[in-house]
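Colleague: I've got a model open and I'd like to learn how to read a few of its features. Can you walk me through it?

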Amino acid sequence: AQKTQDKIEQVMGGLLFIDEAYALSGVGENDYGKEAVEVILKRMEDLRGLFGVVVAGYTAQMQRFIESNPGLKSRFDKTFHFSDYNPQEMMEIALQFLEKENLFPTPEARIQMEGTFQKMYDARDAYFGNARVIRQYISEVVRNQHLRMAEIPVEQRNKKAIQTLTAEDLDGFEDKQKWKQRKPLGFRYESV
């Protein structure tokens, strides 16, 4: 309770942003989340207009969170749903990440990336990481590109080679990913 009140005092005149807020509605013997929610609700009422609160998280969990306390629903009267990035938007984000690394994909690499983003999008579930998944992907391919550059003799490295991301640099990422469609576990009956 005291830590929550201290945090609210720090944001006076501003905004308190709580990511993965649904974690506060957990149940347990020492349920500090419930205590924090009660403090937030009380301070929101007592200090109305002096600070704002935004809670964020996965859609289904946030719905349960808002319904976990009658005071939450009345105080959080605006809901914004952000759709998952589509494959084209994912590509734009990836290219921005790559540009920050001063890397530019070949046409073949672009095509392969677009295919990967389409697969990610098609296999997404309620916990799809959006830009986080793209950041992880770019981190992996940048690492692959750096390893490829390390294998090239120094005298053969030039600016263009150092700044080029090839299809080879993209290999291996999909094999490690949880978003890939997997075969279900268990027994299935298939008619012949």
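Modeller: Let's start with Ser 139, which is partly exposed at a relative accessible area of 48%. Keep in mind that this is a predicted model.

Colleague: What about Thr 106, buried or exposed?

Modeller: Buried, because its relative accessibility is 17% and the cut-off is under 20%. Thr 106 sits in the loop between strand S3 (104-105) and helix H6 (107-123). Leaving out neighbours within four places in sequence, Thr 106 contacts Thr 164, Leu 165, Thr 166 and Ala 167.

Colleague: And how do I read a nonpolar core?

Modeller: Think of buried nonpolar residues joined through side-chain atoms within 4.5 Å. Here the largest such core has 20 residues, and Val 53, Val 55 and Phe 65 touch the most other members. Strands S1 (15-19) and S2 (52-56) and helices H2 (32-46) and H3 (59-67) each bring at least two residues to this core. The largest share, five residues, is from H2.

Colleague: Which residues does Phe 65 touch, not counting those up to four places away in sequence?

Modeller: Ala 21, Tyr 22, Leu 24, Ser 25, Val 37, Val 55 and Leu 72. Apart from that core there's another, of 19 residues, including Ile 93, Ala 94, Leu 103 and Leu 165.

Note on methods:
Residues numbered from 1 in each chain as written. Predicted model: local features only at pLDDT ≥ 70, side-chain atom pairs only at ≥ 80, totals over all residues. Heavy atoms only, no water. Buried < 20%, exposed > 50% of the residue type's maximum accessible area, 1.4 Å probe, protein only. Helix = DSSP H or I, 4+ residues; strand = E, 2+ residues; numbered from the N terminus. Contact = heavy atoms within 4.5 Å.
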